[in-house]
Amino acid sequence: MITSHSNKSVREVIQLNQKAKARNRQGLFVVEGIKMFAEAPEDRIERVYIAKRAETDLRSSYGDKLDRLSVEIVSDDVFDRMSDTQTPQGILCLVRQFQYGIEDLLEAVHDKKHILFILLEDLQDPGNLGTIFRTGEGAGVDGIIMSRQTVDIYNPKTIRSTMGSVYRVPFFYTDDLCETIRTLRENDITVYAAHLESTRYYDEYDYCRGTAFLVGNEGNGLRGETAGCADEYLRIPMEGSVESLNAAVASSILLYEAHRQRRNMP
């Protein structure tokens with residue numbers, strides 16, 4: 001049992017929680033909590049850490065899975081030091097990062113009639129990004145494409161907000177969002193930019209074919225150059241004095257409109 005705060009493994013977990021450079025260097029990220037452990041693909045789990053206080057209950061519920069993995073028991077005070085949450089559930093694990101390229105996402109174009117992507121430019125809020133992953137999975141998104149300046153998907157707050165969707169939704173960080181948009185358009189995917197200058201509302205378009213929604217930064221929206229790469233602009237109607245919506249809320253509205261239109265399609 002690990003009982004020292006200065007233990008190498010303890011320091012590693014803390015670094016992975018705090019620093020993107022450490023996560024990228026090792027190709028690992030931390031997932032914490034019972035649900036996130038239960039849904040994590042076994043073949044990607046490197047190591048599991050369990051607080052002593054939670055060992056009996058976790059062995060009772062997840063003994064079969066734990067028996068197939070490398071598990072370390074940690075004293076309660078040390079586990080609390082390793083945890084990134086205010087109320088730790090007594091289990092966390094290190095998971096190998098996912099590696100997707102644009103080619104992986106485009107494979108779905110050839111296998112599916114009604115592709116659906118969402119493109120994000122420079123989102124900075126971890127909770128927003130995690131919520132978009134979760135909502136995207138619920139709405140049937142086929143992939144999420146992000147600019148390089150978008151918040152790190154492996155940020156612990158983002159991971160928690162995905163509620164497990166990070167395991168199942170393919171994603172890709174691009175160094176050139178406009179070039180990626182051009183690639184999508186070459187593959188018969190229409191790109192719609194959420195933009196306040198649009199004269200058409202989001203529910204006036206047909207999303208029953210290949211569709212990608214482009215959503216910008218929480219404070220500044222889309223850059224002019226990026227918005228100009230899209231096929232069409234759209235807007236979400238606003239009443240009262242509201243000028244814009246939270247990026248996750250706007251993304252949810254657009255994705256579920258596409259889902260609504262496609263719901264009864266073969």
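Colleague: Is Asn17 buried or exposed?
Modeller: This is a predicted model: local features need pLDDT of at least 70, side-chain atom pairs count only at pLDDT 80 or more, and totals for chains, interfaces and linings use all residues. Residues are numbered from 1 along each chain as its sequence is written; side-chain values use heavy atoms, with hydrogens and water left out. The cut-offs are under 20% relative accessible area for buried, over 50% for exposed and in between for partly exposed (1.4 Å probe, protein chains only). Asn17 has a relative accessible area of 9%, so Asn17 is buried.

Colleague: In which helix is Asn17 found?
Modeller: Helices (H or I, at least four residues) and strands (E, at least two) are DSSP runs, numbered from the N terminus. The run of residues 8-18 holds Asn17, and that run is helix α1.

Colleague: Which residue's backbone oxygen lies 3.1 Å from a polar atom of the Asn17 side chain?
Modeller: Contact means heavy atoms within 4.5 Å. Leaving out residues up to four places away in sequence, Asn17 touches Arg23, Val30, Met82, Ser83, Asp84 and Pro156. A polar contact is a pair of N or O atoms within 3.5 Å, one able to donate a hydrogen and the other to accept it within protein, where residues adjacent in sequence count only if both atoms are side-chain atoms. The backbone oxygen at 3.1 Å belongs to Met82.

Colleague: Which residue caps the N-terminal end of α7?
Modeller: The cap is a side-chain oxygen lying 2.9 Å from the backbone nitrogen of Gly127. That oxygen belongs to Asp125.

Colleague: Which residue takes a positive phi just after α7?
Modeller: The phi is about 85°. The residue is Gly140.

Colleague: Against which elements do the buried residues of α7 pack?
Modeller: Those buried residues include Leu129, Ile132, Phe133 and Ala139. Their partners are β5 (116-120), β6 (143-147), α8 (156-162), β7 (171-174) and α11 (247-262).

Colleague: What is the relative accessibility of Thr162?
Modeller: Thr162 lies in helix α8. Among its contacts beyond four places in sequence are Gly130, Phe133 and Arg134. Thr162 counts as buried because its relative accessibility is 0%.

Colleague: How far does α11 reach from its first C-alpha to its last?
Modeller: α11 has 16 residues, for which 22 Å is expected at 1.5 Å a residue. The model comes close to that, at 23 Å.

Colleague: Which residue's side-chain oxygen reaches the backbone nitrogen of Ala248 at the start of α11?
Modeller: The oxygen comes to within 2.7 Å of that nitrogen. It belongs to Asn246.

Colleague: Against which elements do the buried residues of α11 pack?
Modeller: Buried residues of α11 include Ala250, Leu254, Leu255 and Ala258. They pack against β5, α7, β8 (190-194), β9 (211-215) and β10 (232-234).

Colleague: What is the relative accessible area of Val249?
Modeller: Val249 lies in helix α11. With Val242 and Leu245 it makes a nonpolar surface patch of about 210 Å². Patch residues have over 30% relative accessible area and no salt bridge, with like charges joined within 9 Å and nonpolar side chains (Val, Leu, Ile, Met, Phe, Trp, Tyr) within 5 Å; areas come from the Shrake-Rupley method with a 1.4 Å probe, only the protein chains shown counting as cover for residues. Val249 is partly exposed, at 40%.

Colleague: How many salt bridges are there?
Modeller: A salt bridge is a side-chain nitrogen of Lys or Arg within 4 Å of a carboxyl oxygen of Asp or Glu. By this rule the count is 18.

Colleague: Which residues are linked with Lys35 in a network of salt bridges?
Modeller: Lys35 meets Glu39 at 2.6 Å, N to O. The two are about one helical turn apart because they lie four residues apart in helix α3 (residues 34-39). Lys35 is partly exposed at 36%, and Glu39 is partly exposed at 29%. The network links Lys35 with Glu39, Glu137 and Arg168.

Colleague: How many residues apart are Arg96 and Glu46?
Modeller: Their side chains meet in a salt bridge of 3.0 Å, N to O. The pair links distant parts of the chain: Arg96 is in strand β4 (residues 91-96), Glu46 in strand β2 (residues 45-51), and the separation in residues is 50.

Colleague: Is Glu55 buried or exposed?
Modeller: Glu55 forms a salt bridge with Lys52, the closest N and O atoms being 3.2 Å apart. Lys52 is partly exposed, at 45%. Glu55 has 19% relative accessibility, so Glu55 counts as buried.

Key. The expected span of a helix is 1.5 Å times one less than its number of residues.
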